[in-house]
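Dear colleague,

Please read the notes beside the model.

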Amino acid sequence: MSSNEQKIAYEYGVEIKTPNLYPDAKERRCPYVDKNTAFIRSDGTVAPCLEFAYSHPVYVNMHAKNVHAVTFGDLKEENVEKIWGEKAYVSFRETRRKMSENIPWCGDCLYSSLGCYFTKTNSSDCYANEPGCNECFYSVDLVQCNI
């Protein structure tokens, strides 16, 4: 971004965030975990983040991947405090607090583009995390998180 663009944005009180075009596996973080935030779908289902809110295909690291929805509860059945405190959800967040130590980054791995089993879905990763956040665009700021 040019200094002229930065100046105009500043004058209008606009904050501009640009993607990180050179991701560093050692600097990964989960914006939802960092901000103690969850994603609540319109049907009341609680997901840990936007990426896991719904099942969808994605093209990442030169291959197609099927992302399956990951949810930890339903607000029609339980309150948010109970869902937030459930063991599986607490464990999910704790693992991602030190993402660069606990979650592999497939973007630097040769096997990623060669059809590695762990890159076909988000079911797990090669460190045995379930679900896997091993190719999350948000964790490396390739995509700006909406929170």
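**Cavities and core**

There are two cavities of 30 Å³ or more, where a cavity is a set of points, on a 1 Å grid over the protein atoms alone, at which a 1.4 Å probe fits but cannot get out, and lining residues have an atom within 4 Å of a point. Grid points are joined across faces, edges and corners, and a volume is the space filled by probe spheres set on the points. Please bear in mind that this is a predicted model, in which local features need pLDDT of at least 70 and side-chain atom pairs count only at pLDDT 80 or more, while totals for chains, interfaces and linings use all residues. Residues are numbered from 1 along each chain as its sequence is written, and side-chain values use heavy atoms, with hydrogens and water left out.

The largest cavity holds about 220 Å³ of space, and of its 22 lining residues Glu 51, Phe 52, Cys 133, Glu 135 and Cys 136 are the closest to its centre. By class this lining has 16 nonpolar, three polar and three charged residues, with Ala, Val, Leu, Ile, Met, Phe, Trp, Tyr, Cys and Pro counted as nonpolar, Asp, Glu, Lys and Arg as charged, and the others, Gly among them, as polar. At least two lining residues each come from helix 2 (31-34), strand 3 (56-60) and strand 4 (63-67), the helices (H or I, at least four residues) and strands (E, at least two) being DSSP runs numbered from the N terminus.

The second largest cavity has a volume of about 30 Å³, and its lining includes Cys 30, Tyr 32, Tyr 89 and Phe 92. Helix 4 (87-97) and helix 2 are the elements that give two or more residues to this lining, and helix 4 has the largest share, three residues.

Strand 3 and strand 4 pair in the antiparallel sense over five bridges, pairing being assigned if DSSP finds at least two bridges between two strands. They form a hairpin with two residues between them, and Asn 61 in the turn has a positive phi of about 50°.

With best regards

Terms used. On a 1 Å grid over the protein atoms alone, a cavity is a set of points where a 1.4 Å probe fits but cannot get out, and a pocket is an open set with protein on both sides within 12 Å along at least five of seven lines; lining residues have an atom within 4 Å of a point.
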